[in-house]
Amino acid sequence: MTVALDTSALIGRYLSGPHRRVVLDAMASDPVWCASALARAEALGMVDRVCDIPTDGDRLRQALRDDWERINVVPLDTRCLDRAAELSRSQPLRTVDALHLAAADRLPRPVTFITFDPRQIPVALALGYEVASTYTSRVDAAASPTGSVPARRWSGRGDHDDESGS
């Protein structure tokens, strides 16, 4: 199995709350972690929105950079961009969501797609991915009127590695 993280999952790895446990459990279940090249830029850009203290932001950015070295990066090349365009035409997706899903679509199956964006869940399921999320069903995902992720904050504990020791 392969674990594919979107940006919400990549950031969720470090934040307190139920999202963190979902990400850590999924990542502990498989040593192959993947993300689109876009996820790093998006995650680093979100840091100041999820950290109240500047030094926490610095530590979170460093944790993201350190972990990025362990993630297999799917490039946003022509093949990926074309697939994202196909998904955007046929599914109710924002371009950024289509890019994450198109990147995951290039991975060998089975794929566990980790996301906390309810707009991506029905499409990920339709593409045949297992989905790890705090949303427990398509109904939960569809019920979110804004598609927004509940507010979370960085745990600030500096224990960004999964608790299995890997």
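The largest cavity in this predicted model has a volume of about 50 Å³. The structure holds 1 cavity of 30 Å³ or more. As background, rolling a probe the size of a water molecule over the atoms shows where empty space is left.

Which elements give two or more residues to the lining of the largest cavity? They are strand S1, residues 2-5, strand S2, residues 33-36, and helix H6, residues 95-105. Please find the lining residues on the screen. By type, the lining of the largest cavity has 9 nonpolar residues, 2 polar ones and no charged ones.

Next, a pair of helices. Helix H3 covers residues 37-50 and helix H4 covers residues 54-68. Their axes lie 9 Å apart, and the two helices pack at an angle of about 165°. Angles over 145 degrees count as roughly antiparallel, and H3 and H4 are therefore roughly antiparallel to each other. Is their crossing left-handed or right-handed? The crossing of H3 and H4 is right-handed.

Now the residues that make this contact. From H3 come Ala-37, Ala-39, Arg-40, Ala-43, Leu-44, Val-47, Asp-48 and Val-50. H4 contributes Gly-57, Leu-60, Arg-61, Leu-64, Arg-65 and Trp-68. How do the residues of the contact of H3 with H4 divide into nonpolar, polar and charged? There are 9 nonpolar, 1 polar and 4 charged residues in this contact.

Key: Residues numbered from 1 in each chain as written. Predicted model: local features only at pLDDT ≥ 70, side-chain atom pairs only at ≥ 80, totals over all residues. Heavy atoms only, no water. 1 Å grid on protein atoms, 1.4 Å probe; cavity = no way out; pocket = protein on both sides within 12 Å on 5 of 7 lines; lining within 4 Å. Points joined across faces, edges and corners; volume = space filled by probe spheres on them. Helix = DSSP H or I, 4+ residues; strand = E, 2+ residues; numbered from the N terminus. Nonpolar A, V, L, I, M, F, W, Y, C, P; charged D, E, K, R; others polar. Axes fitted to C-alpha atoms, helices over the stretch in contact; angles between N-to-C directions. Parallel < 35°, antiparallel > 145°, perpendicular 65-115°, else oblique. Left-handed = near helix turned anticlockwise from the far one by under 90°. Contact = heavy atoms within 4.5 Å.
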